[in-house]
Amino acid sequence: MSQTVAFRTTFNPEKLVRPAIHQLPTYTRDGGPEEKPAREIRLDWNESPYPPSPDAVAAITAFAAHNRYPDFDAWTLREAIGRYIGAPASRIVAGAGLDNVLETLIHLLIEPGDRVIISEPTFMVYEWLVRGHDGDSVNVPLTPEFELDAEGILDAIDERTKLVLICNPNNPTGNLFDVKAIERIVAEAPCLVAIDEAYAEFAGASFLPLMERYPNLVILRTMSKFAGFAGMRVGYGVFPDALMPYLLRIMPGFCNVSAVATAAAVASLADDEYNRAVVARIVADRDALADQLRELPGVEPLPSATNFLLVRLPVADAGPVQRELAMRGIYVRHFGNPAFGMGDCLRVSIGTTEENEAFLGELEAILGARERAA
Ligand SMILES: Cc1ncc(COP(=O)(O)O)c(C=O)c1O
């Protein structure tokens with residue numbers, strides 16, 4: 001009895017949690033303004049401003065078997081994805097969003113001290129996942145032009161390096177990397193190379209065909225962006241055959257994709273016409289917004305192959321502009337880390353035409369007021 005009491009009094013959550021977790025930052029949206037603005041336009045998380053295909057919405061409405069588990073190995077979903085991308089379902093791992101597939105990949109590979117090479121600025125989840133598994137996230141930064149340093153990446157690989165993670169097109173810079181640089185890394189790296197193609201449908205480019213030639217390539221995708229599925233949480237990876245026996249041992253039960261999300265995803269993937277039209281609309285709106293931004297003095301949108309724009313402003317620090325936009329109900333992202341070379345930039349997701357116009361109008365007003373005050 002007294003032992004139990006002693007045990008209870010020494011319960012210490014801080015001690016229970018692995019040290020690696022203590023070191024991690026908390027992933028949150030930027031704090032919003034204290035007073036909630038009357039109108040809110042979310043251009044900060046690269047979501048689609050459009051709903052999923054009407055077929056997907058109808059499938060969600062018609063779905064009733066919520067009391068039943070989905071297919072055990074998500075086979076129906078994996079087959080639908082396979083048909084969509086032209087790859088065998090047996091090489092596909094699905095997940096509750098690509099974040100979940102990334103987690104499965106890191107769980108598969110990383111023991112304490114193992115290394116993963118990333119190129120910052122890039123999707124921040126990579127670093128946190130690796131560190132959370134006690135791995136070493138090794139940064140070989142992008143060049144000042146936001147290009148991949150293929151030579152530097154290959155030089156950084158050592159015997160503890162398990163994975164090179166490349167985001168193409170890259171978030172948050174928006175650009176596609178040089179094809180030859182990526183192919184060189186895949187061809188010469190003695191480890192796994194994973195290419196995160198979350199924005200592939202907007203780029204119209206993919207390294208999937210390269211999987212035929214290289215046994216060390218993984219392609220990662222999501223339905224969050226092009227198909228308007230951010231809230232549904234459906235992502236996937238296409239893996240080398242040789243890794244599948246191991247992945248099948250750690251793949252989360254049911255791939256973590258709900259039965260209703262599966263029904264929606266199957267319907268959405270079959271409605272290519274709708275998805276393509278949405279992507280074309282977002283790309284056209286992105287290019288129109290870039291043209292309009294270029295007309296503002298000192299404003300320079302960088303080339304984008306995604307559903308967002310990284311925009312350079314004529315200010316040393318774009319943080320105050322981001323906060324001013326937020327007070328006016330327009331949420332965009334700012335990456336202040338000086339090492340990223342993006343302190344003067346904002347990342348803005350492409351919204352509806354009206355939302356883009358609202359962003360443009362408010363940005364013009366804020367920059368104009370700053371100019372007059374200077
Ligand atoms: C490059 C990249 N990878 C992965 C993800 C996560 O996608 P999902 O919504 O499928 O988890 C995102 C989302 O913003 C992303 O930008």
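This is a predicted model: local features need pLDDT of at least 70, side-chain atom pairs count only at pLDDT 80 or more; totals for chains, interfaces and linings use all residues.

Visitor: What makes E9 and E10 a pair of strands?
Guide: Two strands pair if DSSP finds at least two bridges between them. E9 and strand E10 (residues 308–312) are joined by 2 bridges and run antiparallel, so by that definition they pair. Strands here are DSSP runs (E, at least two residues), helices are runs of H or I with at least four, and both are numbered from the N terminus.

Visitor: Why are E9 and E12 called edge strands?
Guide: The open sheet has 3 strands in the order E9-E10-E12, with antiparallel pairing. Strand E9 (300–301) and strand E12 (345–349) each pair on one side only.

Visitor: What is the strand order in the sheet of 7 strands?
Guide: That open sheet runs E2-E8-E7-E6-E5-E3-E4, with mixed pairing. Its edge strands are E2 (92–95) and E4 (136–139). E2 is joined to strand E8 (residues 235–238) by 4 bridges, and the two run antiparallel; within E8, Gly237 is the bridge partner of Val93.

Visitor: Why is H5 called roughly parallel to H12?
Guide: The axes of H5 (residues 75–85) and H12 (residues 259–270) cross at roughly 20° and come within 9 Å. That angle makes the two helices roughly parallel, because angles under 35 degrees count as roughly parallel, over 145 as roughly antiparallel, 65 to 115 as roughly perpendicular and the rest as oblique. Axes are lines fitted to C-alpha atoms, for helices over the stretch in contact, with angles from 0 to 180 degrees between N-to-C directions.

Visitor: Which residues meet where H4 contacts H12?
Guide: On the H4 side they are Asp55, Ala56, Ala59 and Ile60; on the H12 side, Val260, Ala263, Ala264, Ala267 and Ser268. Contact means heavy atoms within 4.5 Å. By class, this contact has 7 nonpolar, 1 polar and 1 charged residues (Ala, Val, Leu, Ile, Met, Phe, Trp, Tyr, Cys and Pro count as nonpolar, Asp, Glu, Lys and Arg as charged, and the others, Gly among them, as polar).

Visitor: How do you know that the chain is as compact as a globular protein of its length?
Guide: The chain has 15 helices and 12 strands. Its radius of gyration is 22 Å, close to the 21 Å that the globule rule gives for 374 residues, so the chain is as compact as a globular protein of that length. The radius is taken over C-alpha atoms, and the rule is 2.2 Å times the number of residues to the power 0.38.

Visitor: What makes the bond between Glu120 and Pro121 worth a look?
Guide: Most residues other than glycine have a negative phi, and most peptide bonds are trans. The bond joining Glu120 and Pro121 is cis, with omega about 0°. Phe254, not a glycine, has a positive phi of about 60°.

Note on methods
Residues are numbered from 1 along each chain as its sequence is written. Side-chain values use heavy atoms; hydrogens and water are left out.
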